[in-house]
Amino acid sequence: MAAFHYNYAVICRVPQSISNRSVGSDNYPRGVDVDKARQEYETLREVLKSLDLNIIEMVEDDNYPDCCFVDDTTVVIGNTALIARPGHISRQGEVGEIRKVLVSDLLMNVVEIKNPKALLDGGDVLFTGKEIFVGVGKRTNEAGAQAVAETFPEYAVSMVNFEKCEALHLKDVFNMAGRSVMAVAPGPDVQTVLRQMQDVASYPYQVMQMDTRMATDMLFVNGHLIHHVRNEMGDKSYGILDEKILWPRHHIQMTELAKIGGTINSLVILITRTRNPKRIISNIQDEDLGYFTMWKRGPDSVPILN
């Protein structure tokens, strides 16, 4: 099965309590407009439906104001799902409903974290289609990264120190925009993490440097790219997509949810459910390369940017 080809998406409705009780509301004390936030969520849901995905929509739970940000609750690759242990204690109860969906509805191979000291947010785990990077230092610790490595032994799993990065999660500043195409947010703190990733990477990637963090928030799904609208991304970053992304695109607005740290990728768990599990592989070809800054290994085997 090719990487980034999915047949299910798990999402959760936006709860009323997100207005002023979300973890991210500390940074936005006025609260968000719940009706607008729900409209943004519904737009994303309709886009996902249009991409040949079976949608599993969970009912919101006001006891968990951040329950709509489902990506933090699990790490899913192929038929295997690792149940996360979110680094913020208020979110740890969210995994219960996700576990039920994965076990009962999707009949997946569900793995639990054994180490009681491990912490893991799904937003810190970036699967490139070939290997896995785990950001460690804020909501995820080394024991959590080790759980990822033990659950997916068929892939190289590399830890990168994310503690000094301004962003909360690794996928706030790094996302896959296509097969072997990585969108990267600006800033010296992000570049420091990027250099770590280059040092430990097992494969080369095309680097698409964006000029805002919001512009880096995107999902590559079934050959399509979902990203923010132009006024949220900025003209320069939107122009980069116009120039370099040759596959179909869908833009959505996320102004309200972004106020409390919400991202497109945080709202979705993408799943490739197969009857006969096989390793997911990237089908990038040499002729697909070009148009991007190329990340490759130099003579000393350390990845460098052209």
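This is a predicted model: local features need pLDDT of at least 70, side-chain atom pairs count only at pLDDT 80 or more; totals for chains, interfaces and linings use all residues.
I will begin with an open sheet, which is formed by 3 strands in the order S12-S13-S14, with mixed pairing. Strand S12, residues 219-221, and strand S14, residues 249-252, stand at the edges and have a single partner strand each, so one side of each is left without a neighbour in the sheet. As we go from one strand to the next, the twist averages 25°. On this sheet packs helix H2, made of residues 34-49, which touches S13 and S14 and whose direction makes about 165° with that of S14. If we look at the pairing itself, strand S13, residues 224-228, runs parallel to S14, and the two are joined over 4 bridges, with His228 standing opposite Ile252 in S14.

Now let us turn to strand S1, residues 8-12, and ask how many of its residues are buried. Here 4 of the 5 residues are buried, meaning under 20% relative accessible area, and S1 is therefore largely enclosed by the rest of the structure. With strand S2, residues 54-58, S1 pairs in the parallel sense over 5 bridges, and there Cys12 stands opposite Met58. With strand S15, residues 269-271, S1 pairs in the antiparallel sense over 3 bridges, and in that pairing Val10 stands opposite Ile269.

How values were computed: Residues are numbered from 1 along each chain as its sequence is written. Side-chain values use heavy atoms; hydrogens and water are left out. Two strands pair if DSSP finds at least two bridges between them. Axes are lines fitted to C-alpha atoms, for helices over the stretch in contact, and angles run from 0 to 180 degrees between N-to-C directions. Contact means heavy atoms within 4.5 Å. Buried means under 20% relative accessible area, exposed over 50%, partly exposed in between (1.4 Å probe, protein chains only).
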